[in-house]
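Morning, everyone. I have one structure to show you, and I'll keep it brief. Here it is.

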Amino acid sequence: MMTAREYAKECGIEIVGKLTKKVNENKEFDLLKGEMIIKKTVYWIDEVGNELSKENGKWCLVTPDGTVY
């Protein structure tokens with residue numbers, strides 16, 4: 001299983017310093033349940049603003065200038 005640092009290195013991006021875990025919570029209406037639910041998104045950010053997230057076993061990297069890998 002590939003780590004966040006390994007994925008960034010594969011993309012040619014260096015993770016600077018430590019990675020900090022962040023969680024965003026958004027309220028959404030679930031049509032099947034007929035009620036509001038809270039959807040959580042987990043991501044990690046390094047000391048220069050590179051953001052990494054993982055969904056369905058695949059990494060996504062966004063650099064501070066907005067480039068997506």
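Some ground rules. This is a predicted model, where local features need pLDDT of at least 70, side-chain atom pairs count only at pLDDT 80 or more, and totals for chains, interfaces and linings use all residues. Residues are numbered from 1 along each chain as its sequence is written, and side-chain values use heavy atoms, with hydrogens and water left out.

Start with Asp 46. It sits in the loop between S2 and S3. Strands here are DSSP runs of E, at least two residues, numbered from the N terminus. Asp 46 is buried but has no salt bridge. Buried means under 20% relative accessible area, with a 1.4 Å probe and protein chains only. A salt bridge needs a side-chain nitrogen of Lys or Arg within 4 Å of a carboxyl oxygen of Asp or Glu. The nearest side chain of opposite charge is Arg 5, 6.9 Å away.

So what does the Asp 46 side chain reach? The backbone nitrogen of Val 16, at 3.0 Å. Also the backbone nitrogen of Gly 49, at 3.0 Å.

Next, Asn 50. That loop, between strand S2 (35–45) and strand S3 (51–55), holds Asn 50 too. Asn 50 is buried, at 4% relative accessible area. Beyond four places in sequence, its contacts (heavy atoms within 4.5 Å) include Ile 13, Trp 44 and Pro 64.

Last, the surface. Phe 29, Leu 31 and Met 36 make a nonpolar patch of about 370 Å². Patch residues have over 30% relative accessible area and no salt bridge, and nonpolar side chains are joined within 5 Å. Phe 29 lies in strand S1, residues 20–30.

Definitions and conventions. Helices (H or I, at least four residues) and strands (E, at least two) are DSSP runs, numbered from the N terminus. Buried means under 20% relative accessible area, exposed over 50%, partly exposed in between (1.4 Å probe, protein chains only). Lys and Arg count as positive and Asp and Glu as negative; His and the chain ends are not counted. A polar contact is a pair of N or O atoms within 3.5 Å; within protein, one must be able to donate a hydrogen and the other to accept it, and residues adjacent in sequence count only if both atoms are side-chain atoms. Patches are made of residues with over 30% relative accessible area and no salt bridge: like charges are joined within 9 Å, nonpolar side chains (Val, Leu, Ile, Met, Phe, Trp, Tyr) within 5 Å. Accessible areas come from the Shrake-Rupley method with a 1.4 Å probe; for residues, only the protein chains shown count as cover.
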